[in-house]
Amino acid sequence: MKPRLTLGPVQYFWDADTKRDFYARIADEAPVDTVYLGENVCSKRQPFFDQHIEEVAERLTRGGKRVVHSGLAEVMLKRERKSCADMAEQDMLEIEVNNAAGLFHLPEGKPHRVGPYMNAYGEETIAWMVSKGATHVTVPTELPGSSVEVLAKSAAELGIGLEVQVFGRACLATSARCYHARAYGRTKDNCQFVCEEHADGMELNTRDGQSFLRVNGIQTLSHSYVNLFAEVPAMAAMGVTDLRLMPQETDMVEVARIFDDIRDGRIEMAAAEARFETLNFAAPLSNGFWHGEAGHRRITAKAAALA
Amino acid sequence: MLNILPGPLARRLPPPSELPVPLLPLQPVFYRIVRRVAAKHPELFERLGKHQRTDFIIDVKDFPFALHLRPFPPALILRAVRRERLPKHQAAIAGDFRTLLRMLGAEEDGDAIFFSRELVISGDTEAIVTLRNAMDDVEGSIAEDVAEMFGPPGKAALARLNAMAEGPNSEGDSHDNG
Amino acid sequence: MITGDVVGELVCPAGTPASLRTAVDAGADSIYCGFQNATNARNFPGLNFTPRELAGAVDYAHQRGSNVLLALNSYPPAGKFDLWREAADLGAELDVDAYIVADMGVARYISEKHPDRRLHLSVQAAAASPDAINYYVREFGVKRIVLPRILTIPEIHEIKAEIDCEIETFIFGNHGLMVEGRCSLTNYATGLSTNMDGVCSPAHLVEYVKDSEGNMSTQLGGYTIDRFGPQESAGYPTICKGRYCNEVQPDGYYAFEEPISLNLSKLLPDLMEAGVTAFKIEGRQRSRAYVRKVVSAFRAAVDDVRAGRDPKLADLVALTEGQKQTEGAFKTKKWR
């Protein structure tokens, strides 16, 4: 069965206008089936875009996309708890929960999606979540393909969707502390939204000058872009139902088109690779996690066959 | 290392680390030591797991030789070796005698010594960390067990060495406080 | 047996049987430890307990009135749940006094199969709000939460007012920064996972590289985590304790945290007043000498506070990593 393509929530702090233009283009041109809207990383950013969600959701729906509202990964403050409660109780949009606080507020048995921040690593955990109303699970980015294969079978038996991130930086850690603010000598409370300076994350290199990580507010991301384009046929065969593209500062419509061609079998891998190259990404590609190797590594087909 | 020689004589000899000491007579002593420790502390060796078969070099900077340790109970090795002709090994720890002695005692926090620059670690870090964790599971002091083997003179020697290892800048009280 | 009535329960780490005995003898009320496999988040080489050693440890502890808490706080990846299931069943057979868990599948299994055993929620579950905590209490009958180290004392007060379970906080040891249970930094650099394999900065991928001038760089999986001059003490290359550069900070800076240690000895009375009943010392990978010194000091301090005296603490700075200490988020929100 052909997997669906989804567009994950924008992790970076893009201003409202940038986001609206971005989603307008996605609505009109991107061959994705589902779009996730919402703020995963920092509740301080929410007021800037929340007011546009309804309008953007409507635009995307008119463009033939299914819309899901995705929630905060870290919940501590009263306003964050309220945000989770409001999301859980509204009926307008399907929701994706990323924190146990979100699960707490769900009315008994209400259908919902479980996001990649919820640590659904195993069948037992997923079975538990399904028993409480989960209809769809996105697995953590570090989960290897061998485990995803087992989960895909489980998901099929349980009748739920199983989603894997196939493009974009991997979230490696979150924290209560804002590392963006810290780099500028500030704290989260007086950050002055400095994370807006880095639309693709702030570089964090080793003292030898090697690229290593990216900082985005409370989040630490990989420098490399996960790109599992070559693994799509295997994923389809094992029953992964949805492939998530995380928005980066690049032509995401073209990225979606390449993945669309791959899932439809319209393009050879070499041609796909050439098309990715023309996009001139700000970072190298990686697929290490999927292959059970160090996340930053890129394992090519030949090497994988020898393994 | 040890100022056991009278001053005038000590000044005329090469430094202790360069003394042309014959190694052969030392080997049986070291072998007895490692066998005794293995007999008294089997849990230490069990905890080493696959690193029982690792060859460690313990380079005691102020001795005229290094030690080769392979803690594999069916074929234990602890012997003196020449620095210029080290056997094949996967991990090495270098430090002066005082520091290494403090590691074998139970009184000080091994981590503080281990990760200070007083010890230089090279090769398989996992082997060394495993060795350290395994040694920490030993009840009592390995240094004391070894000293006991040599009777009262052994214990006296160890007491003197401990005092010297702690030196004038030590906390001094790490022996009470049990 | 933990009844939850003890105020000021001292919860101490044990990486080996000898450490456990040391902790019990030094006055620990509860000791936490794990098996020699991926089921716990301190799966380091040469550390932890075989089933037989755990049996001996439980005997030793119970005979002296101490509790044993079994850490099963990592996340079973698909296809590997049996390891965690067996560990849980073994724990029940050996009569441990509580399990420390993070994964929902593990929590569910224990709550159904061993409903008479206590479940404590690990800091690895990252439950930092009353809502998240109450979720676990409601669904799995969790009796105690180990709070993430990111909360201030006033925040702990507020949480206590809204939850129905006991609170345990860290008071000494290695300062964890990232939301626990959500960190795959080690996996990114090495291929081994903190959440799935229970490892952090695994030693076999650590290298200390010295250059001709005596400078030392510490590396993990080929990435340089930090560099030290010839006179400086080199730390262990933990990614979140390293120094990095960028356009904002072109000289190496501690992007995440300095390698310092948490020491809340002075805040003990405030923590108790906020409703914390159990105090956790970090350090399963630390030596027996460390355990003895720290546990004894906090035993005396807790007893002093309970009796209304001022705690007199020996200076524990020498045992703290990098010889510096902090009160972290507990003292001030400015830490965030």
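This is a predicted model: local features need pLDDT of at least 70, side-chain atom pairs count only at pLDDT 80 or more; totals for chains, interfaces and linings use all residues.
## Chain A overall

Chain A holds eleven helices and twelve strands. Its radius of gyration is 19 Å, close to the 19 Å that the globule rule gives for 307 residues, so chain A is as compact as a globular protein of that length. The C-alpha atoms of chain A fill a box of roughly 50 × 50 × 35 Å along the principal axes.

Of the 307 residues in chain A, 64% count as buried. Take the contacts in chain A between residues at least 6 apart in sequence: 67% of these join residues at least 24 apart. The accessible surface of chain A is about 11,200 Å², and carbon and sulfur atoms account for 50% of that surface.

## Nonpolar cores

In soluble globular proteins, nonpolar side chains tend to be buried together. Here the largest nonpolar core has 197 residues. The members that touch the most others are A:Y23, A:I26, A:L245, A:F259, C:L54, C:Y99 and C:Y136. A second, separate core has 39 residues, including B:F56, B:F65, B:L67 and B:M103.

Beyond its neighbours within four places in sequence, C:L54 is in contact with C:C33, C:F35, C:F49, C:V68, C:L70, C:L94 and C:V96.

## Helix α4 of chain C

Helix α4 of chain C spans residues 104-113. Its buried residues are C:M104, C:G105, C:V106, C:A107, C:Y109 and C:I110. At the start of this helix, a side-chain oxygen of C:D103 comes within 2.9 Å of the backbone nitrogen of C:G105.

## Salt bridges

Side chains of opposite charge can pair when their charged atoms come close. Over all chains, the structure has 60 salt bridges. One of them joins A:D91 and A:K110 at 3.6 Å, N to O. A:D91 sits in the loop between α3 and β4 of chain A, and A:K110 in the loop between α4 and β5, 19 residues apart. A:D91 is exposed, at 69% relative accessibility. A:K110 is buried, at 15%.

Strands β5 and β4 of chain A are linked by A:R113 and A:E94, whose side chains meet at 2.7 Å. A:R113 is buried, at 3% relative accessible area, whereas A:E94 is partly exposed, at 22%. A:R244 and A:E96 also form a salt bridge, at 2.6 Å. A:R244 lies in strand β11 and A:E96 in strand β4, so this pair ties together parts 148 residues apart in sequence. A:R244 is buried, at 2%, and A:E96 is buried, at 1%. Elsewhere, shared partners join salt bridges into one network of A:K2, A:D33, A:E254, A:D260, A:D261, A:R263, A:D264, A:R266 and A:R275.

Notes. Residues are numbered from 1 along each chain as its sequence is written. Chains are lettered from A and ligands numbered from 1 in the order in which they are written. Side-chain values use heavy atoms; hydrogens and water are left out. A nonpolar core is a set of buried Ala, Val, Leu, Ile, Met, Phe, Trp, Tyr and Cys residues joined through side-chain atoms within 4.5 Å. Buried means under 20% relative accessible area, exposed over 50%, partly exposed in between (1.4 Å probe, protein chains only). Contact means heavy atoms within 4.5 Å. Helices (H or I, at least four residues) and strands (E, at least two) are DSSP runs, numbered from the N terminus. A polar contact is a pair of N or O atoms within 3.5 Å; within protein, one must be able to donate a hydrogen and the other to accept it, and residues adjacent in sequence count only if both atoms are side-chain atoms. The radius of gyration is taken over C-alpha atoms; the globule rule is 2.2 Å times the number of residues to the power 0.38. Accessible areas come from the Shrake-Rupley method with a 1.4 Å probe; for residues, only the protein chains shown count as cover. A salt bridge is a side-chain nitrogen of Lys or Arg within 4 Å of a carboxyl oxygen of Asp or Glu.
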